[in-house]
Amino acid sequence: MSDLVSGSDPSGSNELKGSGFDAARIQEVKAWLVSQFDAVGKDVPEFEYTPRSIAHLHNIASVSQAKTQAAGIVANDFRQKAAEYRSQAARIRELLENVGLAQESLPSSIVGSAQVLASVANLLNIRDTELSSFLVSMGDLSLRKSGVEEKRAKVQKESKVLLDYTRKAIARLTYLKRILAQLEDEVAPCEAQIENWKTNLPLLVSKEREYNQRYSNYKALLNRVGYAPEISHGVLVEMAEHRKEMEKKTKPILDTLRSYQDLPPDKALASLAIEDKRRQFAAAEKYLEEVLQSALSTTD
């Protein structure tokens, strides 16, 4: 088998040697592979020897050899302890036989109790069956039990919190599903309303243009008649009241003028009457202007 490993890839070996790779390491790897595959009765498979594969296999071989050596030391220690335990058991058996306490002469109940005691000692992983060893082991078990109970309580608390979160999440999911169903039911009416809006949109746009045109016309009309922002509704109401007062004051004059129409025509008297009425009319106009000016100044 070693011939197979050494001749499995001669070209690869020549390449490794030509590149200055450590030939001793290659031989160590090959020897380790042969030993490992011989142990299971198989041949070493062929593969290409490259610096990377040899380095990886050498690391594995080093670790394996170190662990094998450590295992051998531990196994030898266990064998030595087993031999010591067997020799000690033989001595104890000889002493028990000398005092008449051989296993064959003991009652079955005592043998069963001893076997149970040994099983419990093995279960508790103690070296002997002394009471102190059992007490120490039982104390360790109590501490471990306390730790397990604390962890169990903590896990139960966390499980309760997670269960609460899960219930809330389920309730939230149910609520969201209900909302989704409602929204899906409202899709058709909303789509119909949107289509209606799309249909009415051109009409609304035309109405907007019409109203804008009317607004422009009304604004131009107000500018043309001399409307100013200072003329408010209160000012117009006050001016209307003053107009009514002036009409009340000028009504007797108008009645007097109408009575003059029944008089015979006289040029001199008519001229005097006309001149008098003109003065009264001028005085009335002046009074009206003064009232309007006072009203505008009061508003300002």
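This is a predicted model: local features need pLDDT of at least 70, side-chain atom pairs count only at pLDDT 80 or more; totals for chains, interfaces and linings use all residues.
Which residues does serine 137 touch, not counting residues up to four places away in sequence?

Residues are numbered from 1 along each chain as its sequence is written, and side-chain values use heavy atoms, with hydrogens and water left out.

Let's start with the overall picture. The chain has 8 helices and 0 strands; here helices (H or I, at least four residues) and strands (E, at least two) are DSSP runs, numbered from the N terminus. Of its 300 residues, 12% count as buried. Buried means under 20% relative accessible area, exposed means over 50%, and partly exposed is in between, using a 1.4 Å probe and protein chains only.

Now back to our opening question. Serine 137 touches Leu124 and Ile126, leaving aside residues up to four places away in sequence; a contact is heavy atoms within 4.5 Å. Serine 137 sits in helix α6, residues 131-224, and is buried, at 8% relative accessible area. Serine 133 is also in helix α6. With a relative accessible area of 19%, serine 133 is buried, and Ile126 and Asp128 are its contacts, again not counting residues up to four places away in sequence.

Next, the core. The largest nonpolar core has 10 residues, including Trp32, Tyr49 and Leu57. By nonpolar core I mean a set of buried Ala, Val, Leu, Ile, Met, Phe, Trp, Tyr and Cys residues joined through side-chain atoms within 4.5 Å. Two or more residues of this core come from each of α3 (23-39) and α4, and α3 gives the most, with 5 residues.

Among the buried residues of α4 are Ser53, His58 and Ser64. After α4 comes glycine 100, whose phi is positive, near 80 degrees.

What about charges? The whole structure holds 5 salt bridges, each a side-chain nitrogen of Lys or Arg within 4 Å of a carboxyl oxygen of Asp or Glu. In one of them, lysine 81 pairs with aspartate 77, with the closest N and O atoms 3.4 Å apart. Both lie in helix α4, 4 residues apart, about one turn of the helix. Why does that spacing matter? An α-helix has 3.6 residues a turn, so residues three or four places apart point the same way. Lysine 81 is partly exposed at 35%, and aspartate 77 is partly exposed at 32%.

Glutamate 247 is partly exposed at 39% relative accessibility, whereas arginine 243 is exposed at 53%.

Aspartate 164 is partly exposed at 36%, while lysine 168 is exposed at 52%.
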